[in-house]
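Student: I have a structure open on my screen and would like to learn how to read it. Could you take me through some features one by one?

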Amino acid sequence: MWDLRTPSGILFTIYGALLTAFGLLSPETRAPLAEYNVNLWSGFLFLIFGVTMLWMSRRAT
Amino acid sequence: MTLHFVDYLILALYFAFVIGIGYLLKRKISTSADFLTSNRSVPLWITSLAFVATNLGAQELVGMCASGAKYGIMTSHFYWVGAIPAMLFVGLFMMPFYYGSKARSVPEYLKLRYDEKTRAFNALTFAVMTIFSSGISMYALGLLFQLVLGWSFTASVLLSAAIVLAYTFFGGLTSAIYNEVLQFFLIVCGFAPLAFFAVHRAGGWAGIVERVQHPQFGDAWVHSWKYAANPSANPMGVEVFGIIMGLGFVLSFGYWCTNYLVVQRAMAADTMAAARLTPIVGAFPKMLLPFIVIVPGIAALALTNDPSIAYHLPPKGSSYDYDQAITTLMAQFYPSGMLGIGLTALMASFMSGMAGNVTAFNTVWTYDIYQSYIRKDAPDSHYLWVGRATTVVGTLLSIGAAYLATLYNNIMDLLQLVFGFVNAPLFATFLLGMFWKRTTGHGAFTGLLAGTGAAALTHGLTLAEGKGAWIAQLHEFPSVMAQNFWIAIFAWTTCFAVTILVSLATRPRPVAELKGLVYGVTEIPRPEENVPWYLRPAPLSIAAGVACVLLNVIFW
């Protein structure tokens, strides 16, 4: 069966990269109540998740 | 709430992905079984997450967050009393019969176990219910996007329906299941940060406890059982018996054990062992979901109660518009970028709910109604074609149901009402069918009719929050939720009693015909020797059960 980890990994890696870049390039983009750079931190976590998925699917083949 | 380019980009990327997955899976579809039942070939971790995700629709996310703000942590009963025990039960005790009987759907199991009329009754009511569920889900989303983003109700309903249609039309059940797992990841990743930020801002759990004191109910928002002895002592208006019997036993077991929408995900597993483990493994992520879907709602109330924090639940009449809790939190805590992820997750939850209903409707319509009563002996390619066509029809009917749903305002209550009418008596039928070989087809059918009638009658004779009592008013419940729990209890008990009585008065089926369908005349598969003990159904269920009890105790 086709491995779902590949597309999940790709999607989250793209999202992670996008958010991290956005958080770095535009750190002044903040929500009214957020005390952190939400995009940077969430993006970073997404990136880890996406890359882990990709790594797991590569290892399986 | 305003969206920027990056938010639209994130949303568009997601749409491209789900349609892409559907399109890639199209090559694997060559028979009606591939399209409608995934031909029993999906790996365990995927079926487990899909089992949880298909229930994680928009009404679940929005409704659970709303209930969190409205009723507090008592809402967790839907998970820690309701879903988890029922999921463990279906995996341990019922899946051997569903998977082992070779039935392709839940109604087909009823046909094998009982008779044609019981199957027809279940197939028809189920078909109607899936359409309504997906319509309600669609309505919830359309309304929300209209309110929050100013998108037109019709446009957001049609756009999302078109995308769901596209990927289920191409890839059928496999595509729906694969996308559900992707949606599950997105929902967790999109909402877990929101829960974290909202709780953190409210001063952690301790800060929430301090801020959600209520003049009438005290600290009822942060205790799941402490105020459950008396219905007038808690905001939900329910009591222990209603919670355990109505919600925990009848409604939840009825939903998780007999609703083909979720059972279908487990039946798509590649082996019997995997089918049994599907709901049991799914129980672990399921029991953690309240932290993502309910806790932010409680945090929203805490933030509202603190005048020093610039967050307020939007007012509605003398109370709050709780259904907006999740989106207003997003607007306050997510900047452009992460906001796109949050909205995509909402959209994803809506789609997973809708795709689940559409694919279940497809299979039941094609196999249990069309192939059984309309055209019996057509070549398989014909049924594949019918399955595809049904996807289109089912989607169109759901859109119609979405416009109907605008007549009701509280989504969860309406859903519970529908489940009370359909699923509650059904659980008695399955319980007796699977565990008592004396149960007959006439008994099951009469019981189902009587149970559904009892549900309607109870709704017609009791009043709650101005709803029901369309026959006469005999009793008033403190809340619609209490009314729903009791409707379920009456429906189940009536079905259970009538089924037994009529079964005893009618001729039983020969035991030889019941092989593989009933407990006692079926060989329950034992886990293979090479499976380590911690991956077997019983130890995993015990672990899940213990964890679930602990959660109840922690939030007592």
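Student: Let's start with Leu45(A): does Leu45(A) count as buried or exposed?

Tutor: Leu45(A) counts as exposed, because its relative accessibility is 54%. The labels work like this: buried is under 20% relative accessible area, exposed is over 50%, and partly exposed is in between, with a 1.4 Å probe and protein chains only. You'll find Leu45(A) in helix α2 of chain A, residues 38–60. Helices here are DSSP runs of H or I with at least four residues, strands are runs of E with at least two, and both are numbered from the N terminus.

Student: Before we go on, what sort of model is this, and how is the numbering done?

Tutor: This is a predicted model, where local features need pLDDT of at least 70 and side-chain atom pairs count only at pLDDT 80 or more, while totals for chains, interfaces and linings use all residues. Residues are numbered from 1 along each chain as its sequence is written, chains are lettered from A and ligands numbered from 1 in the order in which they are written, and side-chain values use heavy atoms, with hydrogens and water left out.

Student: What does chain A look like overall?

Tutor: Chain A has two helices and zero strands, and its C-alpha trace spans about 45 × 20 × 15 Å along the principal axes. Its radius of gyration is 14 Å, whereas a compact globule of 61 residues would have one near 10 Å. That radius is taken over C-alpha atoms, and the globule rule is 2.2 Å times the number of residues to the power 0.38. Of the 61 residues in chain A, 46% are buried.

Student: Which residue has its C-alpha atom 6.1 Å from that of Val51(A)?

Tutor: That's Thr13(A), 38 residues apart from Val51(A) along the chain. Val51(A) is in helix α2 of chain A and counts as partly exposed, because its relative accessibility is 44%.

Student: How many aromatic pairs are there, and what describes one?

Tutor: A pair of aromatic rings is described by the distance of the centres and the angle of the planes. Rings of Phe, Tyr and Trp (its six-membered ring) pair if their centres lie within 6.5 Å; planes under 30 degrees apart are stacked, over 60 edge-to-face, and the rest tilted. Searching the whole structure gives 39 aromatic pairs over all chains. One of them is Phe12(A) with Phe49(A), edge-to-face at 5.0 Å centre to centre and 90° between the planes. This pair links distant parts of the chain, with Phe12(A) in helix α1 (residues 5–25) and Phe49(A) in helix α2, 37 residues apart. Phe12(A) is buried at 0% relative accessible area, and Phe49(A) is partly exposed at 25%.

Student: Which residue of chain B pairs with Phe49(A)?

Tutor: Phe185(B) does, edge-to-face again, at 5.2 Å centre to centre and 70° between the planes. Phe49(A) lies in helix α2 of chain A and Phe185(B) in helix α8 (residues 153–201) of chain B, so the pair joins two chains. Phe185(B) counts as buried, at 10% relative accessibility.

Student: Last topic: how many salt bridges are there?

Tutor: Nine, over all chains. The test is a side-chain nitrogen of Lys or Arg within 4 Å of a carboxyl oxygen of Asp or Glu. Glu116(B) meets Lys111(B) at 3.9 Å, N to O, and also forms a salt bridge with Arg119(B), the closest N and O atoms being 3.1 Å apart. Glu116(B) and Arg119(B) both lie in helix α7 (residues 116–149) of chain B, three residues apart, about one turn of the helix. Glu116(B) is partly exposed at 33% relative accessibility, while Arg119(B) is buried at 4% relative accessible area.
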